[in-house]
Amino acid sequence: MKVDYSDKDGKGPDLTVFVRMQKDSVIWLSINATVFSYEAFRVMITPDSVTVLNKKDKLVQYRSLSYLQELSQLPFDFYTLQDLILGNPIYLDSNFVSFKQSESSLLISSTGQYFKHLMTLTNNDFVLQHSKLDDVNLARNRTCDLTYTDYENKDNILFSTGRKITVAEKSKLDIEMNFKQYSFNETLSFPFAVPKNYKLK
């Protein structure tokens, strides 16, 4: 997928990210700097650990899953990231507060441990179009806005190939993800050898 992002410091470099996942087990990422066409990072995420290979600086990091929370400033875990990549709702709690139906859409509101969540689904096939997350803790004032577009049907699976994510608290982060190629239910490998000359960070 192509990833574009910008934050308070401006637009970041264009990235091409290759993703391999085994359900509830492994998320493997190869992050490439698009303009230079080289692999900058390789990342292996499991339900309890994160390993990062910094190929440019020849460094390796072994971290607990809390590393994702430090980076994102969100209560991220493995399953949240898995759902985000798949296009499933994130931070969806079973404590539903209300719903409203119109001719074209269905609005569902829920309140969870961390966020109030307002979802918009299509009325005919219940495809997720939009998620709005507001922090339960008013002192933090975190918000997250997720838009899901460009759905395609492959093997009877509807998959959103276009995503826009905006996270705001003290500063704002905009992320755009465009999936160029994807497949499901295939046998995968997860190559992740750490070269001997890499230093531990």
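Predicted model: local features only at pLDDT ≥ 70, side-chain atom pairs only at ≥ 80, totals over all residues.
Residues are numbered from 1 along each chain as its sequence is written, and side-chain values use heavy atoms, with hydrogens and water left out.

Strands come up a lot here, so a word on naming: helices (H or I, at least four residues) and strands (E, at least two) are DSSP runs, numbered from the N terminus. Two strands pair if DSSP finds at least two bridges between them. Strand β6 covers residues 49–54 and has 5 of its 6 residues buried, so the rest of the structure largely encloses it. The word "buried" stands for under 20% relative accessible area, "exposed" for over 50%, and "partly exposed" for what lies in between (1.4 Å probe, protein chains only). On one side of the story, β6 pairs with β5 in the antiparallel sense over 6 bridges, and Val43 stands opposite Val52 in β6. These two strands make a hairpin with 2 residues between them. β6 also pairs with β7 (residues 59–64), again antiparallel and over 6 bridges. That hairpin has 4 residues between its strands, and Lys58 in the turn shows a positive phi of about 55°.

Next comes a bit of surface. Val35, Phe36 and Tyr38 make a nonpolar patch of about 350 Å². Patches are built from residues with over 30% relative accessible area and no salt bridge, joining like charges within 9 Å and nonpolar side chains (Val, Leu, Ile, Met, Phe, Trp, Tyr) within 5 Å. The accessible areas come from the Shrake-Rupley method with a 1.4 Å probe, and for residues only the protein chains shown count as cover. Phe36 sits in the loop between β4 (26–33) and β5 (38–46), and counts as exposed because its relative accessibility is 61%.

A pair of aromatic rings is described by the distance of the centres and the angle of the planes. Rings of Phe, Tyr and Trp (its six-membered ring) pair if their centres lie within 6.5 Å; planes under 30 degrees apart count as stacked, over 60 as edge-to-face and the rest as tilted. By this rule there are 6 aromatic pairs. One of them joins Phe78 and Tyr79 edge-to-face, with 5.3 Å centre to centre and 80° between the planes. Phe78 is buried, at 0% relative accessibility, whereas Tyr79 is partly exposed, at 39%. The rings of Phe159 and Phe179 have centres 5.1 Å apart and planes at 80°, so this pair is edge-to-face. Phe159 belongs to strand β13 (residues 157–168) and Phe179 to the loop between β14 (172–178) and β15 (199–200), so the pair ties together parts that are 20 residues apart in sequence.

Lys154 lies over the face of Tyr182, at 4.3 Å from the ring centre. Arg20 does likewise for Trp28, at 4.5 Å from the ring centre.

Finally, the structure holds 7 salt bridges, each being a side-chain nitrogen of Lys or Arg within 4 Å of a carboxyl oxygen of Asp or Glu. Among them is the one between Asp9 and Lys8, with the closest N and O atoms 3.6 Å apart. Asp9 is exposed, at 64% relative accessibility, and Lys8 is exposed at 64% as well. Another joins Asp134 to Lys132, with 2.8 Å between the closest N and O atoms. Lys132 lies in strand β11 (residues 128–135) and is partly exposed, at 27%; Asp134 is partly exposed too, at 28%. The side chains of Arg140 and Glu169 also meet in a salt bridge (3.1 Å, N to O). This pair links distant parts of the chain, 29 residues apart: Arg140 is in the loop between β11 and β12 (143–154), and Glu169 in the loop between β13 and β14. Salt bridges that share partners also join Glu39, Arg42 and Lys55 into one network.

Terms used:
Lys NZ or Arg CZ within 6 Å of the ring centre and 35° of its normal.
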